[in-house]
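Open the model in your viewer and keep the selection panel at hand.

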Amino acid sequence: MSDLRTRDTGAPVLRLENIVRSYGPVRAVDGVSFSAVPGQFIALLGPNGAGKSTLFQLLSGLFTPDSGLIEVMGHDMRRDPVPALASLGIVFHQSTLDLELTVRGNLLFHAGLHGIPGAIAKQRIARELERLGLADAADKKAGSLSGGNRRRVELARAMLHEPRVLLMDEATVGLDIQSRADLRKLILSLRDERGVAILWATHLTDEVADADRVIVLHKGKILRDTTPAELVASTGKASVEEAFLSLTAPPPKAA
Ligand code: ADP
């Protein structure tokens, strides 16, 4: 699988070309271009205000860019949003589960939205819950689960329609250390076993080590698109954290 992750040729599952999105005078996303191939885990690393959420809103079709092209599996998000969105799975940092519904109820609702026939939906729900260690929780109310398990249910939901690209928008926010580590392991297994491309937005440098690629976003622009090791080497620093700070921290004020 490693050749899949490192190759830079072949059809991209996700392609962004020169994306721009402004709020009034603020260019939140300012000419962003990159592609992802199957089985690639890409960390989108940026400080608060870098433009990560805006980029994810554009990728998930909530807004359209002022200019530029987004393609998912070759489908233009603007002209052909239905097949483009059908190939995307999304986990947001704010929970979007219905806490009054059971876990199964939440998943069945999502399957219905994607037009997945009932018998197939039931099979996939059983498979995903088993894989995530949640088989016993299927008939519990989502609101009774821990934060870590709710996030797993959201991951199961994001995978139900078998997307080729998984967008994780600061998905570890509010989770404890163990749940964060568990979620990362689950993501790596999706990459390795199913060849899903993952775009993982974060402002936490300790979440970048496992990534095949790290894209450093700052003030709406890509500063680096490289491997974590090359990011460190190219800045002459000792760690991803130091490299990230050297690229994005404001210069110290003159005395
Ligand atoms: P991040 O997710 O990396 O923290 P955002 O995409 O939320 O970054 O923000 C990028 C920039 O766009 C920031 O300068 C932010 O203040 C601005 N911004 C984001 N959303 C809005 C909005 N709805 N109205 C005006 N400015 C916004």
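Select Tyr 23 and, opposite this residue, Val 26 in β2. Strands here are DSSP runs of E with at least two residues, and helices are runs of H or I with at least four residues, both numbered from the N terminus. This is a predicted model, in which local features need pLDDT of at least 70, side-chain atom pairs count only at pLDDT 80 or more, and totals for chains, interfaces and linings use all residues. Residues are numbered from 1 along each chain as its sequence is written, and side-chain values use heavy atoms, with hydrogens and water left out.

Now show β1, residues 14-23. This strand runs antiparallel to β2, and 8 bridges join the two. Pairing requires at least two DSSP bridges between strands.

Widen the view to the open sheet. Its 4 strands follow the order β2-β1-β4-β5, with antiparallel pairing. β2 (26-36) and β5 (75-76) each have a single partner strand, so one side of each edge strand lacks a neighbour in the sheet.

Contact means heavy atoms within 4.5 Å. Axes are lines fitted to C-alpha atoms, for helices over the stretch in contact, and angles between N-to-C directions run from 0 to 180 degrees.

Move on to α6 (residues 147-159) and α7 (residues 177-194). They pack at about 20°, with axes 10 Å apart. That angle makes α6 roughly parallel to α7 (under 35 degrees).

Finish with the contact residues. Leu 155 and Met 159 are among those in α6 that meet α7, where the partners include Leu 183 and Ile 187.

Conventions
Parallel < 35°, antiparallel > 145°, perpendicular 65-115°, else oblique.
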